Amino acid sequence: MNIGFVEASKLYNYQCFIFHDVDLLPEDDRNIYSCPEQPRHMSAAVDVMHYRLPYMKIFGGVAAMKTEHFRLVNGFSNKFFGWGGEDDDFYNRLIVMITGGRDHKLS
């Protein structure tokens, strides 16, 4: 995902990035793919999870954020390989940078 951010940024001055797992498809075409003021988790209701979050601070699946937020935390960690963990790590680093470490749920 980091390389996609870097390469897309070379082509245009994008102000919004949406990171989307390839195995998730929107079920409702009224979903608005945009970037609000704070990063937003966009896959809170997934059919295989019976439309319930597996845990409260999940940030995986689909996430929208402004370019400044992605740069603020220096992208996704390169310490993760394969499936899982990178999105939660990203969320935790965002919380620290945006809220100063206070326990807070992003939009």
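The expected span of a helix is 1.5 Å times one less than its number of residues, where helices (H or I, at least four residues) and strands (E, at least two) are DSSP runs numbered from the N terminus. This is a predicted model, in which local features need pLDDT of at least 70, side-chain atom pairs count only at pLDDT 80 or more, and totals for chains, interfaces and linings use all residues. Residues are numbered from 1 along each chain as its sequence is written, and side-chain values use heavy atoms, with hydrogens and water left out.

**First stop: helix 3**

Select residues 86-99, which form helix 3. After helix 3 comes G100, with a positive phi near 75 degrees.

Select H69, which lies in helix 2. Is H69 buried or exposed? H69 is buried, with a relative accessible area of 8%. Not counting residues up to four places away in sequence, H69 touches E37, Q38, P39, L94 and I98; contact means heavy atoms within 4.5 Å.

Proceed to N74, in the loop between helix 2 and helix 3. Most residues other than glycine have a negative phi. N74 is not a glycine, yet its phi is positive, about 60 degrees. N74 is exposed, with a relative accessible area of 68%.

On a 1 Å grid over the protein atoms alone, a cavity is a set of points where a 1.4 Å probe fits but cannot get out; a pocket is an open set with protein on both sides within 12 Å along at least five of seven lines, and lining residues have an atom within 4 Å of a point. Grid points are joined across faces, edges and corners, and a volume is the space filled by probe spheres set on the points.

The largest pocket has a volume of about 600 Å³. Select D21, G61, W83, E86 and D87, the closest to its centre of the 27 residues that line it. Helix 3 gives the largest share of this lining, 3 residues.

The second largest pocket, of about 380 Å³, has 18 lining residues, with L25, P26, E27, N31 and A45 nearest its centre.

How many cavities of 30 Å³ or more does a search of the whole structure find? The search finds 1. The largest cavity holds about 90 Å³ of space, and its lining includes M1, F19, H20 and F76. Strand 1 (16-20), strand 3 and helix 3 each supply at least two residues of that lining.

Terms used. Buried means under 20% relative accessible area, exposed over 50%, partly exposed in between (1.4 Å probe, protein chains only).
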